[in-house]
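I opened this model to look up two things.

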Amino acid sequence: MDLLIIDDFAVRKMDGQQLLEFMELIEDRHARKSTIIMRQLKVADWYDVMLSNTAAADAIMGRIVHTAYRFDLKGETRHKQQNE
């Protein structure tokens, strides 16, 4: 597929196998296909979710961060507004 959207990325820490599979997914798409990753966690904190393998985490973050267009949204979430 030309566009992959990953919503709620890294809700919990990835185990070794999950991290390797995610690395393979990112590697296959890198510089060829578009990927949108959404998360309410700051990018600087993503590394903490991938601590099971620092070499894989470095490879993933290198491919994601260094070729990305980032949009940091500010303000209240719509979920909070809808629940009030």
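A pocket, as I use the word, is an open set of grid points with protein on both sides within 12 Å along at least five of seven lines, and its lining residues have an atom within 4 Å of a point. I am working from a predicted model.

Entry on the second largest pocket. I read a volume of about 230 Å³. α1 gives the most to its lining, with 3 residues. I noted Asp8, Phe9, Arg12 and Phe22 among the lining residues. By class, I logged 6 nonpolar, 1 polar and 4 charged residues.

Entry on the largest pocket. Its volume came out at about 1400 Å³. I found 36 residues in the lining, and Ile36, Ile37, Met38, Arg39 and Phe71 lie nearest the centre. Which element supplies the largest share of this lining? β2 does, with 4 residues. I also noted that α1, β2, α2, α3 and α4 each supply at least two residues. The classes here are 15 nonpolar, 9 polar and 12 charged.

Entry on backbone angles. Most residues other than glycine have a negative phi. I looked up two with a positive value. Aspartate 8 has a phi near 55°, and alanine 31 has one near 65°. Where do they sit? Aspartate 8 is in the loop between β1 and α1, while alanine 31 is in the loop between α1 and β2.

Aspartate 8 has 44% relative accessibility, so I count it as partly exposed. Alanine 31 reaches 75%, over the 50% cut-off, so I count it as exposed. Aspartate 8 also belongs to the lining of the second largest pocket.

Technical notes. Residues numbered from 1 in each chain as written. Predicted model: local features only at pLDDT ≥ 70, side-chain atom pairs only at ≥ 80, totals over all residues. Heavy atoms only, no water. Buried < 20%, exposed > 50% of the residue type's maximum accessible area, 1.4 Å probe, protein only. 1 Å grid on protein atoms, 1.4 Å probe; cavity = no way out; pocket = protein on both sides within 12 Å on 5 of 7 lines; lining within 4 Å. Points joined across faces, edges and corners; volume = space filled by probe spheres on them. Nonpolar A, V, L, I, M, F, W, Y, C, P; charged D, E, K, R; others polar.
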